Amino acid sequence: MSAELLSDTPSESSAHSAKMVPKPLALEMLRRMLLIRIFEEHAVHIRTTSDAMPGFVHIAIGQEAEIVGACLALRQDDYITGNHRSHGHPIAKGAELGPLMAELLGKKTGVCRGKGGSMHLASFAVGSLGESGIVGSLMPVAVGAGLSAQMRGTDQVCLCFFGDGGANCGPFHESLNLAAIWRLPVIFLCENNGYATTTSQTSATAVPHIASRADAYGIPGNIVDGQNVIAVYESVSAAVRRARAGDGPTLIEAKTYRYREHAEFEMVLPRYRSEREMSHWLRRDPIDEFTEHLLTSARVSGAEVEALRAAANAEVEAAVEFAESSPMPGPEELLQHLFK
Amino acid sequence: MRQLTYSEAAVEAICTEMRRDERVFVMGEDVRATPYANVLHEFNSGRIRNTPISEAGFIGAGIGAALTGMRPVVEAAYSPFLYSAMDQIVSQAAKSRYMFGGQANVPLVIRAVVAYTVAAAAHHSDRPWGIFAQIPGLKIVVPATPYDAKGLLKSALRDGNPVICFDDLTLLGQRGDVPEDEYTVPIGVADIKRAGSDLTIVSIAAAVQHSLAAAECLRQEGIEVEVVDIRSVVPLDRATVLDSVAKTGRLLIVDPAPLTCGLAAEIAATVASEGFHSLKAPIARLTAPDIPVPFSPSLECLMYPTVQSITAAARNLHRTH
């Protein structure tokens, strides 16, 4: 087994930072993290207890803080691109949950009309330009969205989510170089959860920290604690300000962890993550940590948290109900949507 | 009517569209040196941009720009350079609209030079329209004249879907009539370049010109050949081909790309299944062999259909019962 992945313990700065973020924003951070967590728990449940969710499903539980901290640093009209661990990205960007869940079930009411499934979610209405089953494949596309914003003279930005696995493939390098030479408004956010399927980031990457690759492209590279939603929010916000000012792209590496397997498999993989490592990261549950900080700093009451949680539960349950009661697409849809 | 070369006509198409629509822009390796050197003064530098050697990066960037309101033209210096961006072209350009249930539009034009017969050797000399035709979600056009180059490129830029335009190198310097007035050539419509009643030749790119020359030879022998310029590989104009074979009963398909699983195979299968009762003789295909392109001119000259080999094949087909 490769070297264990153990993050630094959280500093006091996150508690301090929690005081600096306006309360409505802090509550929205918590709300969106809860939406992702509860949505994913329902997805796991449906997947493991029925045949309703076929195909390949990759769950983002444990990564909610880096997803939400990043997306809440963006405007509604900014863009995101993602990868196969896709559900959290459009949720954090503000997409409606019903069509997302319906898409996972292949329903006609799905956000992609059942044509995409879990790995290929997109919600153009909220600037989510797509998720991809091919690692690294959307990185150049994110660069293009940034190019488009620059050419059209808007100050939109594009945030590109990719994993530690994506940092080693060709398109990563081509994308960072192109965004750098043209000073494009792109934020490259590496969701480093330590593993590409079963292969550790440390064994697969020539440098210990992916953020250091920013030097090769002459752009800023920052490491951030991916379990700390405020830290991610602040780091991405700074990168967004840079991008909007025309100063070009930034590479951010969020150190995070996925609590479940790479994908919801039937088969059991040989152990490749130690108990010690897993329990270390489980103690760093981003939702528990943030909730505790909010309560400890007395910005939020226990009642408010419970109300938020109940509302999030209700919203996800309504989405599941919507999805489960929706029809599947009919044969007439098979050949539609190929060309405009 | 004034005459332009194919290359001039293509540049005119793109510049006309750039003037008309500020969303159109061009990027690719060395595009500011060729072929756009003479028009740089007219557009700000961001609209004609040189890229680093990173096809996956800049073709993908073209896709991203197309998804978000721009209409890029991305130019590959040689058609095999597209292979470096295969994932972008297939997974993103071709599949996004379908896979995202119609949310995405990818109004992207990719131009690629098809260099062959010029000792450019294996890595530069592919004729890959058949490869890309197997990817649902891409349109593919291959003009054979300056008139069609301008008209098809204008259509491609207005189509709203990903379109690959392959430019046959051996045609780039050829002159032809090109109207100054506004016109387009529809994608997905073949063109009968020469009417005839005895035998149909369907061909593509420079093979259209060779087939027309072969038709002139055969006219002397009393054989009237109909030459169909397929113009678009996707969508494929099967109706025009079937109508022609219904008239002549004999079909020769001439394609300088390799034989197996190519355009000629698709046209042959279409006619065999939907035009069977029109046929007076088996369908014939004249293509390149299934090999990479050799460097030595004494070998490369054996690769592609020529006026002589097309004439011989058509004559043989005409005699077959």
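This is a predicted model: local features need pLDDT of at least 70, side-chain atom pairs count only at pLDDT 80 or more; totals for chains, interfaces and linings use all residues.
What made me look at Ala119(B) is its phi, which is near 55 degrees, a positive value in a residue other than glycine. Most residues other than glycine have a negative phi, and most peptide bonds are trans. As for where Ala119(B) is, look in the loop between strand E5 (109–114) and H5 of chain B.

Thr197(A), not a glycine either, has a positive phi of about 55 degrees. You'll find Thr197(A) in the loop between strand E4 (195–196) and strand E5 (199–200) of chain A. Thr197(A) counts as exposed, because it has 11 C-beta neighbours inside 10 Å and the cut-off for exposed is 12 or fewer.

Thr34(B) and Pro35(B) are joined by a cis peptide bond, with omega about 5 degrees. Pro35(B) belongs to the loop between strand E2 (24–28) and strand E3 (48–50) of chain B. Then there's the bond from Val234(B) to Pro235(B), also cis, with omega near -5 degrees. Here the proline, Pro235(B), is in the loop between strand E12 (232–234) and helix H8 (238–248) of chain B.

Okay, zooming out to the whole of chain B. We're looking at 11 helices and 14 strands. The radius of gyration is 20 Å, and since a compact globule of 321 residues would come out near 20 Å, that agrees. Along the principal axes, the C-alpha atoms fill a box of roughly 60 × 45 × 40 Å. Of the 321 residues, 54% count as buried. And if you take the contacts between residues at least 6 apart in sequence, 79% of them join residues at least 24 apart.

Chain B splits into domain 1 (3–177) and domain 2 (191–319). Their C-alpha centres are 26 Å apart. The contact between them takes 23 residues from domain 1 and 22 residues from domain 2. On the domain 1 side, helix H5 (129–133), strand E6 (139–141) and helix H6 (146–159) of chain B each supply at least two residues. That side of domain 1 has 15 nonpolar, 4 polar and 4 charged residues.

Now, how does chain B meet chain A? There are 35 residues of chain B in contact with 34 residues of chain A. Which helix of chain B gives the most to that side? That's H2(B), with 10 residues. Helix H2 (55–67), helix H3 (86–94) and helix H4 (96–99) of chain B each supply at least two. By class, the chain B side divides into 14 nonpolar, 19 polar and 2 charged residues.

Last stop, the sheet in chain A. It's an open sheet of 5 strands, in the order E1-E2-E3-E7-E6, with parallel pairing. At the edges are strand E1 (79–81) and strand E6 (221–225) of chain A, each pairing on one side only. From one strand to the next, the twist averages 20 degrees. If you want one pair to look at, take E6(A) and strand E7 (residues 250–255) of chain A, which run parallel over 5 bridges. There, Asp225(A) stands opposite Lys255(A) in E7(A).

Note on methods
Residues are numbered from 1 along each chain as its sequence is written. Chains are lettered from A and ligands numbered from 1 in the order in which they are written. Helices (H or I, at least four residues) and strands (E, at least two) are DSSP runs, numbered from the N terminus. The radius of gyration is taken over C-alpha atoms; the globule rule is 2.2 Å times the number of residues to the power 0.38. A residue is buried if 20 or more other C-beta atoms lie within 10 Å of its own, exposed if 12 or fewer, and partly exposed in between; C-beta atoms are placed from the backbone. Two residues are in contact if their C-beta atoms, placed from the backbone, lie within 7 Å. Ala, Val, Leu, Ile, Met, Phe, Trp, Tyr, Cys and Pro count as nonpolar, Asp, Glu, Lys and Arg as charged, and the others, Gly among them, as polar. Two strands pair if DSSP finds at least two bridges between them. Axes are lines fitted to C-alpha atoms, for helices over the stretch in contact, and angles run from 0 to 180 degrees between N-to-C directions. Domain bounds come from an automatic or database domain assignment.
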